[in-house]
Amino acid sequence: MEFEEICRENYARIYNYILAKTGKKEAAEDIAQDVFLIALRKGDAFLHHEKPVAFLYVTARNLILEYYKKTKETPMKAELLVEAGRLSYEKSAFGKDAFEELCRLHSAAVNEEDYRIQILRKLKPKERDLYQKYYLDKKLMKTIAQEFHMSETAMRMKYVRLRRKVQRIAAGLKLDEF
């Protein structure tokens, strides 16, 4: 694959990723340009990289972190408001954002095992088996794919869908349901 083709296929995704992380159009444009400039300077090393798109995302993540260090801004977090059960994106008196502070304060009240059980109960048996193998037993994706006589790529897609489903289930649970 040629550099121009990789740029064409991935520029919008990299830009949107950066925009989502920074929330600023100008910063996203600058960082996205830097990502592809770094890739261009790497030349053949980039083009022959095992996963060039992953290289772009890792480079983008690193440049985003540098951006936050230089600007001394607080990285964007989910917007939540304390009123009506949501937090607001405001700094607390402790120098952390309100989301991190509430997580810290309420983490003692959450029994992770009960939380996991609630989520697993909402999964189908095959999905629970996949969840168990990768997330709890810590088996390699390659090993799981071989067990199911599938390609590793196909298995990764199953886990992407499973992770999304788990996230939807978790988002619907309330911490006091246990």
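**Figure 1. The end of helix H4 in the predicted model.** Just after H4, Lys-72 adopts a positive phi of about 55 degrees. The view comes from a predicted model, as do all the others here. Helix H4 covers residues 52-71 and has 20 residues. From its first C-alpha to its last, H4 reaches 28 Å. That is close to the 28 Å expected at 1.5 Å a residue.

**Figure 2. The buried residues of helix H4.** An α-helix has 3.6 residues a turn, so residues three or four places apart point the same way. In H4 the buried residues are Pro-52, Phe-55, Leu-56, Thr-59, Ala-60, Leu-63, Ile-64, Tyr-67 and Tyr-68. Their cover includes three helices: H1 (3-22), H2 (25-42) and H3 (44-47).

**Figure 3. Close-up of Thr-59.** Thr-59 belongs to helix H4. Its relative accessible area is 10%, so Thr-59 counts as buried, the limit being under 20%. Leaving aside residues up to four places away in sequence, Thr-59 touches Val-35 and Ile-38.

**Figure 4. Packing of helix H7 with helix H9.** Two packed helices are described by the angle between their axes and the distance between the axes. Helix H7 (residues 125-136) packs with helix H9 (residues 152-172) at an angle of about 105 degrees. The axes of H7 and H9 are 11 Å apart. H7 is therefore roughly perpendicular to H9, a label that applies from 65 to 115 degrees. On the H7 side, the residues in contact are Glu-127, Leu-130, Tyr-131, Lys-133, Tyr-134 and Tyr-135. H9 contributes Met-155, Lys-158, Tyr-159, Leu-162, Arg-163, Lys-165 and Val-166. By class, the contact of H7 with H9 has 8 nonpolar and 5 charged residues, and no polar ones.

**Figure 5. The salt bridge between Lys-165 and Glu-127.** Side chains of opposite charge can pair when their charged atoms come close. Across the whole structure, a search finds 5 salt bridges. In one of them, Lys-165 pairs with Glu-127, and the closest N and O atoms are 2.9 Å apart. The pair links distant parts of the chain, with Lys-165 in helix H9 and Glu-127 in helix H7, 38 residues apart. Glu-127 has a relative accessible area of 18% and is buried.

**Figure 6. Arg-161 and its separation from Glu-127.** Arg-161 is found in helix H9. With a relative accessible area of 48%, Arg-161 is partly exposed. Arg-161 and Glu-127 lie 34 residues apart in sequence. In space they are 9.9 Å apart, C-alpha to C-alpha.

**Figure 7. Salt bridges of Glu-147.** Glu-147 forms a salt bridge with Lys-133, the closest N and O atoms being 3.0 Å apart. This pair, too, links distant parts of the chain: Glu-147 sits in helix H8 (residues 141-147) and Lys-133 in helix H7, 14 residues apart. Glu-147 also forms a salt bridge with Lys-139, where the closest N and O atoms are 2.9 Å apart. Glu-147 is partly exposed, at a relative accessible area of 35%. Lys-133 is buried, at 12%. Lys-139 is partly exposed, with 29% relative accessibility.

**Figure 8. The salt-bridge network.** Salt bridges link Asp-129, Lys-133, Lys-139 and Glu-147 in a network. Glu-147 pairs with Lys-133 and with Lys-139.

Key
Residues are numbered from 1 along each chain as its sequence is written. This is a predicted model: local features need pLDDT of at least 70, side-chain atom pairs count only at pLDDT 80 or more; totals for chains, interfaces and linings use all residues. Side-chain values use heavy atoms; hydrogens and water are left out. Helices (H or I, at least four residues) and strands (E, at least two) are DSSP runs, numbered from the N terminus. The expected span of a helix is 1.5 Å times one less than its number of residues. Buried means under 20% relative accessible area, exposed over 50%, partly exposed in between (1.4 Å probe, protein chains only). Contact means heavy atoms within 4.5 Å. Axes are lines fitted to C-alpha atoms, for helices over the stretch in contact, and angles run from 0 to 180 degrees between N-to-C directions. Angles under 35 degrees count as roughly parallel, over 145 as roughly antiparallel, 65 to 115 as roughly perpendicular and the rest as oblique. Ala, Val, Leu, Ile, Met, Phe, Trp, Tyr, Cys and Pro count as nonpolar, Asp, Glu, Lys and Arg as charged, and the others, Gly among them, as polar. A salt bridge is a side-chain nitrogen of Lys or Arg within 4 Å of a carboxyl oxygen of Asp or Glu.
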